[in-house]
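Dear colleague,

I am passing on the structure below, and I would be grateful if you could look through it alongside the notes that follow.

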Amino acid sequence: MLNASFQITVAELAQLPPDSLAEVAFAGRSNAGKSSAINAITNQKRLAFVSKTPGRTQHLNFFRAGQGRYLVDLPGYGYAKTPMVEQKRWQALVGSYLAGRPQLAGLVLIMDIRHPFTDLDLMLLDWFQASGKPVHILLSKADKLSRNQSLPVLRAAQATLAERGNPGSVQLFSSPKHMGLDEAEAVIRNWLQM
Ligand code: GDP
């Protein structure tokens, strides 16, 4: 388990925490299970749900996970009703954060195992690959499938990364069943060097 506490909500890059040494960001389509995953990994019930508070949905939320170490909850994407002006804001804020933050060590991408690699997921994945920083994919809600159903999706996801020349990693994950927590935590600790 990673101990984390809510720290700071950021609407502009000028507000990023100045004491940060290393950060791991979490991205995903709205409803993919990102908040649940962050809460499970940090063993907190509501930590990441602050990101869903009205008015904070288009912000970066930083959770302090140790000296100079942060987990960064990025706003979800792909919600059909999001106005274009907000989508543009998402691109500007998240895009410049992901492309230009030296402290960013890696990206955890959460995808619902029943709907992996949507167009927006692939766009983000391919675009982020140019940064040379690693991606780790959580195939969330793995409890919704049987083992026989989920293993082929895992293998297909590994193949999708390989086809794109992406050295990233992927795993099965379920927040309510605590499936894959240790594996996810190990990746994050390694990236944060903690
Ligand atoms: P976010 O929009 O990506 O932050 O998604 P949430 O974490 O809010 O989850 C969206 C919905 O999926 C909620 O109803 C969650 O309870 C549910 N959910 C999230 N993760 C899992 C999971 O691993 N298994 C199951 N069965 N449901 C999940």
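The radius of gyration used here is taken over C-alpha atoms, and the globule rule it is compared with is 2.2 Å times the number of residues to the power 0.38. For the 194 residues of this protein, that rule puts a compact globule near 16 Å, and because the protein has 15 Å, the two agree. Please keep in mind that this is a predicted model.

The C-alpha atoms fill a box of roughly 45 × 35 × 30 Å along the principal axes, and buried residues make up 37% of the 194 residues. Among contacts with a separation of 6 or more, 74% join residues 24 or more positions apart. The protein has five helices and seven strands, which follow one another along the sequence as β-β-α-β-β-α-β-α-β-α-β-α.

Turning to the ligand, there are 16 residues around it, of which Gly-33, Lys-34, Ser-35, Ser-36 and Lys-141 come nearest.

Just after α1, Asn-43 adopts a positive phi of about 55°.

Definitions and conventions:
Residues are numbered from 1 along each chain as its sequence is written. This is a predicted model: local features need pLDDT of at least 70, side-chain atom pairs count only at pLDDT 80 or more; totals for chains, interfaces and linings use all residues. Helices (H or I, at least four residues) and strands (E, at least two) are DSSP runs, numbered from the N terminus. A residue is buried if 20 or more other C-beta atoms lie within 10 Å of its own, exposed if 12 or fewer, and partly exposed in between; C-beta atoms are placed from the backbone. Two residues are in contact if their C-beta atoms, placed from the backbone, lie within 7 Å. A residue is near a molecule or strand if its C-beta atom, placed from the backbone, lies within 6 Å of it.
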